[in-house]
Amino acid sequence: MITVSIFPFAPKRILLLTSAFIGLSAISCFADSLFLTVKATPYDHQMARIQPILFTQDGSQRDLTLGLVNHWMQDLRSIPYGFSTQWKTPTEVATAPVADCKGKAVSLYKRMRESGARNVRLVIGKRTPTSRMTHTWLEWNANGATYVLDPTINWTACRVDQLGDRSYVPFYAYSGGRKFRAATAPTFAKL
């Protein structure tokens, strides 16, 4: 005789399975990147040229508006794209006929820090999960929202929660003297 139980699984297991399913499905709802502080990243040797810019002190202007940031992004977006193997300084970007994502992001980072921006990070990652090459942009927390500032591709700031899951996959970030690894980043990235 075979007995059939109405409860083939223990109630605790069902509760645990349901909780895990809900928790895992909610992960994609978190719009902000989760960054963990690290002592080093694979990009540290490349960052030597722009280290002084990363340490730019907060300026005195505290009313940094999204409109002003968008204006700076448009200025940088209008510079034609040209890849460089080394990180360019903002002075080099301003005087060169072309600039890449690294140079444009560093230039915007410096302007923002000098104008009093807080909670701004220089991010290295991929534009989309299927991108072959890495990309550089900024993330800025302001007015209760997180913005992606990408003066290479976008003309204006984009709220992270409006971008969707398939855009801007962070690997590493820099803010002042602090270095971060994205919690979702793979253990290594192509350099």
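Which residues does Trp140 touch, not counting residues up to four places away in sequence? Select Trp140 and display its contacts (heavy atoms within 4.5 Å). The residues that Trp140 touches are Leu64, Leu66, Val69, Met112, Ala117, Arg118, Asn119, Val120, Ala145, Thr146, Tyr147 and Leu149.

Before continuing, please note that this is a predicted model, in which local features need pLDDT of at least 70 and side-chain atom pairs count only at pLDDT 80 or more, whereas totals for chains, interfaces and linings use all residues. Residues are numbered from 1 along each chain as its sequence is written, and side-chain values use heavy atoms, with hydrogens and water left out.

**The whole chain**

Colour the chain by secondary structure. There are 5 helices and 7 strands, taken as DSSP runs (helices H or I, at least four residues; strands E, at least two) and numbered from the N terminus. Along the sequence the pattern reads α-β-α-α-α-α-β-β-β-β-β-β. Of the 191 residues in the chain, 41% are buried; buried means under 20% relative accessible area, exposed over 50%, and partly exposed in between (1.4 Å probe, protein chains only). Among contacts between residues at least 6 apart in sequence, 61% join residues at least 24 apart.

**The nonpolar cores**

Next, select Met112, Leu122, Leu138, Trp140 and Leu149. Within the largest nonpolar core, which has 33 residues, these five touch the most other members. A nonpolar core is a set of buried Ala, Val, Leu, Ile, Met, Phe, Trp, Tyr and Cys residues joined through side-chain atoms within 4.5 Å. H5 gives the largest share, 5 residues. Then move to Val160, Tyr168, Ala173 and Phe180, which are among the 9 residues of a second, separate core.

**The salt bridges**

The structure holds 6 salt bridges, each being a side-chain nitrogen of Lys or Arg within 4 Å of a carboxyl oxygen of Asp or Glu. Three of these pairs can be visited in turn.

- Select Glu139 and Arg121: their side chains meet in a salt bridge at 3.1 Å, N to O. This pair links distant parts of the chain, 18 residues apart, with Glu139 in strand S3 (residues 135–142) and Arg121 in strand S2 (residues 120–126). Glu139 is buried at 3% relative accessible area, and Arg121 is buried at 13%.
- Select Asp100 and Lys102: the closest N and O atoms of this salt bridge are 2.6 Å apart. Asp100 is buried, with a relative accessible area of 2%, and Lys102 is buried at 9%.
- Select Glu114 and Lys110: the closest N and O atoms of this salt bridge are 3.8 Å apart. Both residues lie in helix H5 (residues 101–114), 4 residues apart, about one turn of the helix. Glu114 is partly exposed at 43% relative accessible area, and Lys110 is partly exposed at 25%.

**Confidence**

Finally, colour by pLDDT, the predictor's confidence in each residue, from 0 to 100. The chain averages 83, and 76% of the residues score at least 70. Select residues 20–32: here the pLDDT is below 50, and the stretch has 5 contacts in the model beyond near neighbours in sequence. Over residues 185–191 the pLDDT also stays under 50, and the model has 14 contacts for them beyond four places in sequence.
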